[in-house]
Amino acid sequence: MGKFNVALVVWVLALNFWFFPYLGSAQLRPNFYANTCGNVEQIVRGVVDTKFTQTFVTVPATLRLFFHDCFVNGCDASVMIASSGNNKAEKDHPDNLSLAGDGFDTVIKAKQAVDKQCGANKVSCADILAIATRDVVVKAGGPTYTVELGRRDGLVSTASSVEGNLPKPTFNLNQLNSMFAKNGLTQADMIALSAAHTLGFSHCDKFSNRIYSFTPSNPIDPTLDRTYATQLQGMCPRNVDPRIAINMDPVSPRTFDNQYFKNLQQGKGLFTSDQVLFTDGRSKPTVNTWASNPAAFNQAFTNAMIKLGRVGVKTGTQGNIRRDCGAFN
């Protein structure tokens, strides 16, 4: 009987790990720094406001940085770490080389401001990135939401860990759903988070196959609006400088809104992974709903962002608070 009880305990623990892989998120709470840095959110917001006045790129850069961080080993600011010695860090993986420097700079400056006002090593870089991400969404006209806090900064950052953990522009719905589900996110969460593409830009090589070499019989992706395809060819001619980038949302690229879904209805999703949300019948109803109901989309987006912020978090002794966001202590 004793052996049975031990086996049962082991089985229950295994089930807990399987169904609740992010138990650390249970320790997150909005007022985590109430006694150590009560005004941390105001400090970070001030830095975001300043960066925003300097360049709008602050908005998509910070938002994308948060997503890329959370999908690789969880929301632990491991994407901030610079490569050193024999360690090639996450930020130097090919999928992360296009992360704009203004996202990193926002977190670094906010960390400096927080340390100056609250004292060194009170607030983690991971939490500062989470707060700044909410704030840039609001600066672009998007909805606000409560940021849960208490993340520790990760102790590992390797380029190899990025491979296969970030969605590709060529993904179909099954591939998108599979990758997001791995992080505890539903199809609805995935569609809502994909709408972050209403902001920011993409380099031409990320979608050039859709306008020049989709298939031998259809050089232009037939799901792409032809007028839009012609415009894209004009902005991204063959053999274009790879540093050239264009807006992902051709209508309102500097406003966080539900235009992304209206674009999909018109065949103006830039990536295959965008347009498939409308062409696949399983996700199309959600696109149509959010295209006509911005309030419903905003609610879904904030819910998804809160869930994203819980992915793979480190708490307690699982991590630490870095002195420098770009280097391990």
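## Second largest cavity

In this predicted model, the second largest cavity has a volume of about 40 Å³. Its lining is formed by His197, Met248, Tyr260, Asn263, Lys268, Gly269, Leu270 and Asp274. Sorted by class, these lining residues comprise 3 nonpolar, 3 polar and 2 charged.

## Largest cavity

The structure contains 2 cavities of 30 Å³ or more, and the largest has a volume of about 70 Å³. Residues from several parts of the sequence line the largest cavity: Phe66, Ala130, the run Tyr145, Thr146, Val147 and Glu148, then Arg151, Met305, Ile306 and Gly309. Of the residues in this lining, 6 are nonpolar, 2 polar and 2 charged.

## Nonpolar core

In soluble globular proteins, nonpolar side chains tend to be buried together. Here the largest nonpolar core has 76 residues. Val44, Phe261, Leu277 and Leu308 are the members with the most contacts inside this core. Helix α5 (residues 125-139) supplies the largest share of the core, 9 residues. Both domain 1 (39-162) and domain 2 (173-308) contribute, each giving at least three residues to this core.

## Annotated span

A UniProt record, an unreviewed entry, places the feature "domain: Plant heme peroxidase family profile" at residues 27-329. In the model, the end C-alpha atoms of residues 27-329 are 23 Å apart.

Key:
Residues numbered from 1 in each chain as written. Predicted model: local features only at pLDDT ≥ 70, side-chain atom pairs only at ≥ 80, totals over all residues. Heavy atoms only, no water. UniProt positions renumbered as here; feature names shortened; annotations may be inferred. Helix = DSSP H or I, 4+ residues; strand = E, 2+ residues; numbered from the N terminus. 1 Å grid on protein atoms, 1.4 Å probe; cavity = no way out; pocket = protein on both sides within 12 Å on 5 of 7 lines; lining within 4 Å. Points joined across faces, edges and corners; volume = space filled by probe spheres on them. Nonpolar A, V, L, I, M, F, W, Y, C, P; charged D, E, K, R; others polar. Core = buried A, V, L, I, M, F, W, Y, C linked by side-chain atoms within 4.5 Å. Buried < 20%, exposed > 50% of the residue type's maximum accessible area, 1.4 Å probe, protein only. Domains from an automatic or database assignment.
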